[in-house]
Amino acid sequence: MNNEQKRISLLTITLVASLGGFLFGFDMAVISGVLPLVQKQFTLSAAQEGWFVSSALVGCIIGVAFSGELSDRLGRKKPLILTAILFVISALGCAIMPNLSGVITSRLIGGIGIGIASNVVPLYISEIAPSAIRGRLVTYYQFALTFGILVAYLSNAALLSGVSVQELTTSGLTNIFNAEVWRGMLGLGVIPALLFFFGLLMIPESPRWLIQKGRTAEGVSIISRITNQPKAEIEAGLSTQNNKNEKGSYRDLFAPGVRKALVIGILLPLFSQFSGINAIIYYGPTILGNAGISLSNSLISQIIFGLANMLFTLVAIWKVDSWGRRPLYLFGTAGATITLILTGICFYYEATTSIWLLICVLGFLACFAFSIGPLKFVVASEIFPSAIRGRALAISIMVMWVADTIVGQITPILLKEIGSAGTFWFFAFFCLVAFVAVYKLLPETKGKSLEQIENDWKEKGEDQVFVH
């Protein structure tokens with residue numbers, strides 16, 4: 001292959017893998033338009049409504065819990081194929097299952113797929129990517145996630161407005177896309193799920209996993225076929241891998257020089273969820289309405305915020321490999337702290353009709369989208385030892401889901417007990433703590449191979465921070 005063919009091949013592989021992120025975002029966001037319709041049709045109690053929403057989250061936790069073991073034992077590709085199958089089953093089940101329990105079971109199955117994808121997709125991309133553009137390629141996963149969220153909002157709005165419903169003549173499709181339109185909202189996920197499945201059949205296994213398992217020739221062949229990675233770098237990676245045991249254990253994460261990687265892998269997803277992103281999304285329709293923007297319904301406001309979140313993620317894709325992880329993280333957490341404080345001030349002084357409130361919220365979304373949101377995946381996918389990378393990343397993603405659950409539970413309590421202003425200041429405090437933690441702990445990893453990062457941890461020792 002010439003250089004252009006290799007570039008296209010690498011980009012194609014990345015885009016196929018990133019469909020897992022698209023499905024992640026679509027499945028989690030589509031529920032916003034589905035819930036009111038399901039609640040009305042089935043007259044859900046508060047407990048039933050909560051279980052309908054949280055069933056996918058329970059599935060996520062189940063999926064990520066065993067995703068690390070699966071990916072370290074079976075490779076990265078097989079768990080992704082399983083994920084695609086689970087997404088297909090979930091989308092079809094939501095569309096055709098006659099009763100609520102069947103739909104909830106389908107949502108649970110889809111959640112398991114999300115849990116696996118949220119771990120294995122960034123892991124896979126980081127292991128196929130050349131070191132010079134690894135950050136950009138892993139960030140495509142977050143971009144695909146935000147694109148999936150936006151598409152879910154758009155498809156929900158389109159189906160609710162009755163687009164093309166008159167053209168559907170069969171009774172089954174009429175029921176799915178008209179009488180019970182929420183089934184169509186959920187069922188549309190089968191299209192990207194099938195694309196994901198067939199795309200995965202054509203991409204290779206992670207070359208680094210193959211090398212780590214002793215299948216060196218296969219791994220080197222894949223690296224040579226899709227990248228221009230220098231021979232010296234490949235040989236250095238082989239030397240590192242050949243000096244390691246094939247099997248890793250969780251005890252490896254507590255070895256000197258690696259403990260700090262574990263701390264970083266836990267703190268970054270924790271701070272991501274405690275940044276206040278969910279509170280902002282929760283207040284989105286109200287904020288836009290109070291800022292004087294005329295909205296026909298809440299779905300339009302969700303589209304505006306979803307579009308902003310997606311577009312600002314492009315900044316991370318643009319700069320993560322040139323500026324580096326540390327500068328983007330520091331700038332993003334500092335900006336998030338300031339904009340959340342200012343948002344709280346707007347609420348405190350009841351300036352909710354001011355355009356400044358909208359500016360503050362969009363400023364926070366920008367800081368989150370180019371920094372806090374995507375970089376947790378980038379950093380966590382590259383800082384752990386190869387022998388246990390899958391299981392270690394699963395711990396990191398598990399923290400994210402648990403933190404997401406906690407924030408979802410405490411946000412209504414905070415809004416009631418300390419008010420809107422206090423809630424935003426609460427999240428601003430965590431963004432400030434995140435800034436300090438990143439400044440003290442996070443090494444710069446741009447331009448380094450995964451093997452070099454692993455060696456740096458060991459050579460520097462856990463009491464030193466290697467910042468270049």
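Trainee: What makes Glu 218 and Arg 215 a salt bridge?
Mentor: This is a predicted model, so we check computed distances. The side chains of Glu 218 and Arg 215 meet at 2.9 Å, N to O. The cut-off is 4 Å between a side-chain nitrogen of Lys or Arg and a carboxyl oxygen of Asp or Glu, so the pair counts as a salt bridge.

Trainee: Why is Glu 218 called partly exposed?
Mentor: Its relative accessible area is 37%. Buried means under 20% and exposed means over 50%, so a value in between is partly exposed. Arg 215, at 38%, also counts as partly exposed.

Trainee: How do you know that Glu 69 and Arg 391 form a salt bridge?
Mentor: Their side chains meet at 3.7 Å, N to O. The limit is 4 Å, so the pair passes. The two residues sit in distant parts of the chain, 322 residues apart. Glu 69 lies in helix 3 and Arg 391 in helix 18.

Trainee: What other residues are linked with Glu 69 and Arg 391 in a network of salt bridges?
Mentor: Asp 72, Arg 73, Arg 76 and Glu 127 belong to that network. Asp 72 and Arg 76 form a salt bridge, with their closest N and O atoms 3.1 Å apart. Both of these residues are buried. The count for the structure comes to 10 salt bridges.

Trainee: Why is Ser 106 called buried?
Mentor: Ser 106 has 4% relative accessibility. The cut-off is under 20%, so Ser 106 counts as buried. Ser 106 lies in helix 5.

Trainee: What does the side chain of Ser 106 reach?
Mentor: It reaches the backbone oxygen of Gly 102 at 3.0 Å. Leaving aside neighbours within four places in sequence, Ser 106 is in contact with Ser 90, Gly 93, Cys 94 and Met 97.

Trainee: Which residues line the largest cavity?
Mentor: Among them are Leu 23, Phe 26, Ser 90, Cys 94 and Arg 107. Helix 4 gives the most, with four residues. The cavity has a volume of about 90 Å³.

Trainee: How does the lining of the largest cavity divide into nonpolar, polar and charged residues?
Mentor: Six are nonpolar, two polar and two charged.

Notes. Residues numbered from 1 in each chain as written. Predicted model: local features only at pLDDT ≥ 70, side-chain atom pairs only at ≥ 80, totals over all residues. Heavy atoms only, no water. 1 Å grid on protein atoms, 1.4 Å probe; cavity = no way out; pocket = protein on both sides within 12 Å on 5 of 7 lines; lining within 4 Å. Points joined across faces, edges and corners; volume = space filled by probe spheres on them. Nonpolar A, V, L, I, M, F, W, Y, C, P; charged D, E, K, R; others polar. Buried < 20%, exposed > 50% of the residue type's maximum accessible area, 1.4 Å probe, protein only. Polar contact = N/O pair within 3.5 Å; in protein donor to acceptor, adjacent residues only side chain to side chain. Contact = heavy atoms within 4.5 Å.
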